[in-house]
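Trainee: I should like to go through this model term by term and hear the criterion behind each one. Shall we begin?

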Amino acid sequence: MTETLLDIKGLRKSFGALVATDDVSLTLNPGEIHALIGPNGAGKSTLIKQVAGGLAPDAGQVWFAGRDVTGFNTAARARAGLGRTFQISSLAMEYTVLQNAVLGALGARGTVWRFFRPVMQDAELRGVAEAALERVGLMDHRDKRTAELSHGQRRLLEVAVALTLKPRVFLMDEPMAGLGAGGSKRLTGFLDGLRSEAPILLVEHDMDAVFALADRISVLVYGKVIATGTASEIKANRDVREAYLGQEEAS
Ligand SMILES: Nc1ncnc2c1ncn2[C@@H]1O[C@H](COP(=O)(O)OP(=O)(O)OP(=O)(O)O)[C@@H](O)[C@H]1O
């Protein structure tokens with residue numbers, strides 16, 4: 001029996017009269033990629049923020065590894081193993097690629113006092129950081145300032161930072177955004193292998209990537225999940241075609 005790692009139960013969030021999250025329930029099981037798709041403004045980012053801890057829901061709960069983490073802030077959820085990735089703004093642009101990865105590894109230790117020690121000389125931290133850079137193919141760029149990286153390379157660095165945190169679940173909000181076809185393909189291959197390490201809740205507009213990767217897809221429209229299923233079930237679902245895929249085909 002697979003034990004659900006992430007259990008989102010009846011989340012609701014309104015902004016004034018707008019119901020951005022309307023009684024959403026979703027699960028994420030070990031080994032899977034569960035993609036969340038939907039038209040612009042459907043509420044995907046709002047949902048991810050509530051799962052990661054940056055936005056408090058009006059109602060509902062987030063359970064992670066058998067614990068109710070709804071009252072936890074982002075840092076407490078991250079320490080528990082709920083890893084949100086792809087916030088490029090969280091990279092320190094003036095630092096080198098390796099320094100950013102080392103800071104990630106330092107964060108995983110959760111010991112603030114370490115900041116006062118020469119962390120770059122810490123062999124264990126460097127080892128974790130370098131292994132993560134190696135995995136995403138950024139070792140050759142480790143001494144570059146992060147500001148000098150291309151957009152795609154910064155995205156890969158965010159993945160590397162996330163890897164140093166060794167999360168039990170990845171929350172990813174549009175990781176393919178701004179990557180060219182080659183970059184998307186490469187990241188798709190990487191995420192494919194990553195799911196066995198930690199399952200991924202993936203918000204993504206790149207439908208090729210979603211259909212290639214997702215074990216399950218949930219479709220969000222006006223804050224509500226209108227369907228959950230495999231890629232072929234979702235492609236064949238009439239409501240989905242009308243609400244979302246039809247729009248894609250028409251464009
Ligand atoms: N802080 C906020 N205050 C008011 N309205 C908000 C706020 N955040 C989001 N919204 C609204 O909630 C709705 C859902 O937005 P959200 O960004 O979650 O959608 P999305 O599915 O992620 O869209 P996209 O695919 O374009 O990124 C939108 O109508 C948006 O304008």
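Trainee: Which residues of α4 are buried, and what makes a residue buried or exposed?

Mentor: The buried residues of α4 are Leu125, Val128, Ala129, Ala132, Leu133 and Val136. A residue is buried if 20 or more other C-beta atoms lie within 10 Å of its own, exposed if 12 or fewer, and partly exposed in between, with the C-beta atoms placed from the backbone. These buried residues fall within an arc of 130 degrees seen down the axis of α4, so they line one face of the helix. The arc is taken over the directions from the helix axis to the C-beta atoms. Ala123, Glu124 and Gly127 are exposed on the other side of α4.

Please note that this is a predicted model, in which local features need pLDDT of at least 70 and side-chain atom pairs count only at pLDDT 80 or more, whereas totals for chains, interfaces and linings use all residues. Residues are numbered from 1 along each chain as its sequence is written.

Trainee: How do you know that the length of helix α4 agrees with expectation?

Mentor: The expected span is 1.5 Å times one less than the number of residues. For the 14 residues of α4 (residues 123-136) this should give 20 Å, and the end C-alpha atoms are 20 Å apart, which agrees. Helices (H or I, at least four residues) and strands (E, at least two) are DSSP runs, numbered from the N terminus. Just after α4, Gly137 takes a positive phi of about 80 degrees.

Trainee: What makes the buried residues of α6 lie on the same side?

Mentor: Ser184, Leu187, Leu191 and Leu194 are buried in α6. They cover an arc of only 80 degrees around the axis, which puts them on the same side of α6. Ala181, Gly182, Gly189 and Gly193 are exposed on the face turned away from that buried side.

Trainee: Which elements do the buried residues of α6 pack against?

Mentor: They pack against β3 (33-37), β8 (200-203) and α7 (207-213). Contact here requires C-beta atoms, placed from the backbone, to lie within 7 Å.

Trainee: Why is β3 called largely enclosed?

Mentor: In β3, 5 of the 5 residues are buried, so the strand is largely enclosed by the rest of the structure. Ile33, Ala35 and Ile37 point one way, and His34 and Leu36 point the other way.

Trainee: How many bridges does β3 form with β8 and with β9?

Mentor: Two strands pair if DSSP finds at least two bridges between them. β3 and β8 have 4 bridges in the parallel sense, and β3 and β9 (residues 216-221) likewise have 4 in the parallel sense; both therefore qualify as pairs under the criterion. Ile33 has Ile200 of β8 as its bridge partner, while Ala35 stands opposite Ile217 in β9.

Trainee: Why are β2 and β5 said to stand at the edges of their sheet?

Mentor: The open sheet has 4 strands in the order β2-β1-β4-β5, with antiparallel pairing. β2 (18-28) and β5 (67-68) each have a single partner strand, so one side of each is left without a neighbour in the sheet. β4 (residues 59-64) is joined to β5 by 2 bridges, and Phe64 stands opposite Arg67.

Trainee: What makes Glu94 count as exposed?

Mentor: Glu94 has 9 C-beta neighbours inside 10 Å, so it counts as exposed. It lies in the loop between β6 (82-85) and α3 (97-109). Leaving aside neighbours within four places in sequence, Glu94 is in contact with Arg145 and Ala147.

Trainee: Why is Gly16 called exposed?

Mentor: Gly16 has 6 C-beta neighbours inside 10 Å and therefore counts as exposed. Its place is the loop between β1 (6-15) and β2.

Note on methods
Two residues are in contact if their C-beta atoms, placed from the backbone, lie within 7 Å.
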